[in-house]
Amino acid sequence: MPQKNINSTSSTASSTADQRVITYAQAGVEGVREEMLRNPDIFYIGQGIGPRGGNFQQSRGLWQEFGQARVRDTPIAERAQAGFGVGAALAGSHPIVDIVFMDFTLEAMGEIVQQASTIHYISNGRFKVPLMVRAAGGGIRSTGPHHSHTFWSFFAHIPGLKVVVPSTPYDVKGLIKTALRDENPIMFLEHKGLYGTKGHVPEEEYLIPFGEANVIRSGEDVTVVTLGKMVQRSLDAAEELQRNGISAEVIDLRTLVPLDKEAILKSITKTGRLVVVDEAYASCGISAEVAAIVAFEAIDQLDAPVVRICTLPTPHSFSPSTDSYLVPSVVRIVAEVSDLMKKKI
Amino acid sequence: MKRSSTAKNGSKLKQDKKIVLALYRKMVLIREFEMKAKEIFHSGKMPGFIHIYVGEEAVAAGVCAQLHQDDYVASTHRGHGHALAKGVAPRDAMAELMGVVTGCSGGRGGTMHLYDPEVGFLGSNGVVPPGILIAAGAGLSAQLRGTSQVAVAFFGDGGSNNGAFHEGLNLAAAWDLPVVFVCENNFYATEMPFSETTKNTNVASRAKAYGIPGIQVDGNDVMAVYEKAGEAIQRAREGGGPTLIECVTYRWFGHHAGDPGVSYRTKEEVAEWKERDPIGKLRNDSIAARLATETDFQRIDEEIKDVIEESADFALASPLEADSTALDHVFYSPAE
Ligand SMILES: Cc1ncc(C[n+]2csc(CCOP(=O)(O)OP(=O)(O)O)c2C)c(N)n1
Ligand SMILES: [Mg+2]
């Protein structure tokens, strides 16, 4: 059953008449709150995440409920946030380090990549690093070159980090809870443009396992693999394509590490065509990884070349027109998928 | 900073014999461990490269003697001394330097990644100087868990000029974390004199900028280090927040075992600091103060020689990790 809007319903939730609808940001708060109640070792640090409740309301009410000890505002010191997180994790706590803007994870890159990701392995399993780094990426309304990045591929490149990119309120809650029960370093990478979107989120507890992509719309002719904010755009494009007689299957990866190869390969076997839509750049990105997996493991299933629809390779422009031109749009997805349908190998 | 800053924080040697001998034992253990590691390195049997701590033993020994087993230490690239002083077994450390499976990190970490959760050793480190942040984070954890544990970060003069120093000290101070920041000022970062990269070479004076106590101590006087570290650790344990301690010291050898360490330092300078050997000083001072005898020290020397020989034999006889396990432990899983 194709679904029009992922934010008003969820493929994994049952659809009853009185479904509770909350935002993507509220779903995150609810997940964190439940886990903080459950596990006293969890604490939360970041800039503006205390009394103010976060730039995007992503920690709203946590400071008021859990107090200053467990929910602390930090100075503008991303490196210290991440480094303190590593040290606290080694000492037995379970920190949430909210960097807020994904762009500023760069300031903490050494701590995340050189320390957090390596220590379990290089200590031969003697230490573990239960640390969740939370950050939101993506462009919204001309956030410009320093506030629009989607760096998930950097992190997915690094052994020892798990990378989560939720696209719906339902997934945010289920995945953030799983992240906080996983005692590895986790990059929990949300999207600024999704925080205000609404969807059904059950009040009761549920977990979404890592490594299970969501086949969010089933189709026969072409597989569209996507993530984050591009999931909704891909679904909108699929609607449009349907009107033109093209049936697209849309797969939301949900986690990049671990990556659900099986879901991708299964779909390709059915459709024979692969499109990857990613708000990050194409070069060396997750789109390249997905294409490579299909090339290695299912090239004989492909009826046409692989297409990648990604943000064009420039810095993010402030200009409203240019900004929307650079990032994949529904129009571009429809056009490129339609073109692909005419091609054969 | 003057290179003869002994007097001000000079110790009075009022401590009892037990402490003197314990500090002596630790320093000799570190010295002999390093000399043996250097020997094995130059024989060509040791993989990688090592940073030798000889000359600076009083800092690690003096500070760590004030710590409990469940306190934390985060260390540096020159970290063998810190590991041994915190209680990592010499044979486990030596094996790790050899990259063999019996090492404290199973041979995967090596010299710059010694880890031991049993004694709160949060790693030597290949990067300069994230140990500052890691120790502060461990301190934060202790504060949140409501324990009286303390964390110590060691770092060099070079490390003190890195941004992590500022971010770490500022935030640890703001949150009154139970952390002691120990700068080992040996005047050089690789071949670079501290005074060439630094306007204010008095590291301890920077503490004022963070609103915490800062003290400079003769890092070759183990009793002075022991005393000053004791005060800072006690303060941290009681909720009084962090302290910055600058230990003025010197490395006898090059930056790493392959660096002769002479092109950028005069022979006279090196000789002058060898004269101020921290081990010799404790020995002479204690004998003069009639706290211990030559025989006491000789007995320890003999004991340590055996420990080091045994550690080296153990490390040299141990096998490398099998390829079949090389992919283990990328991720933690509860089944482990
Ligand atoms: C971030 C980073 N930059 C550069 C290096 C290379 N490096 C290793 S040790 C060192 C010098 C460190 O000097 P100092 O902190 O004074 O310690 P010391 O070697 O004197 O004990 C340098 C530059 C590194 N390991 N990490
Ligand atoms: Mg130095």
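A helix axis here is a line fitted to C-alpha atoms, over the stretch in contact. Keep that in mind for this predicted model.

Let's start with two helices in chain B. Helix H1 covers residues 17-42, and helix H4 covers residues 90-97. Their axes come within 11 Å and cross at roughly 25 degrees. Angles under 35 degrees count as roughly parallel, so H1(B) is roughly parallel to H4(B). The crossing is right-handed.

Which residues make the contact between H1(B) and H4(B)? From H1(B), we have B:Leu29, B:Phe33, B:Lys36, B:Ala37 and B:Ile40. From H4(B), we have B:Pro90, B:Ala93, B:Met94 and B:Leu97. By class, that is 8 nonpolar residues, 1 charged and no polar.

Now the aromatic rings. The structure holds 15 aromatic pairs over all chains. Take A:Phe56 and A:Phe101. Their ring centres sit 5.5 Å apart, with 70 degrees between the planes. That pair is edge-to-face. A:Phe56 lies in the loop between strand E2 and helix H2 of chain A, while A:Phe101 lies in strand E4, so the pair ties together parts 45 residues apart in sequence. A:Phe56 is buried, at 16% relative accessible area. A:Phe101 is buried too, at 14%.

Next, a pair that crosses between chains: A:Phe84 and B:Trp175. This one is also edge-to-face, at 6.3 Å centre to centre and 75 degrees between the planes. A:Phe84 is in helix H3 of chain A. B:Trp175 is in the loop between helix H6 and strand E3 of chain B. Buried or exposed, these two? Both are buried.

Last, a cluster. Ring pairs link A:Tyr24, A:Phe56, A:Phe101, A:Phe104 and A:Tyr195.

Key: Residues numbered from 1 in each chain as written. Chains lettered and ligands numbered in written order. Predicted model: local features only at pLDDT ≥ 70, side-chain atom pairs only at ≥ 80, totals over all residues. Heavy atoms only, no water. Axes fitted to C-alpha atoms, helices over the stretch in contact; angles between N-to-C directions. Helix = DSSP H or I, 4+ residues; strand = E, 2+ residues; numbered from the N terminus. Parallel < 35°, antiparallel > 145°, perpendicular 65-115°, else oblique. Left-handed = near helix turned anticlockwise from the far one by under 90°. Contact = heavy atoms within 4.5 Å. Nonpolar A, V, L, I, M, F, W, Y, C, P; charged D, E, K, R; others polar. Phe/Tyr/Trp six-rings, centres within 6.5 Å; stacked < 30°, edge-to-face > 60°. Buried < 20%, exposed > 50% of the residue type's maximum accessible area, 1.4 Å probe, protein only.
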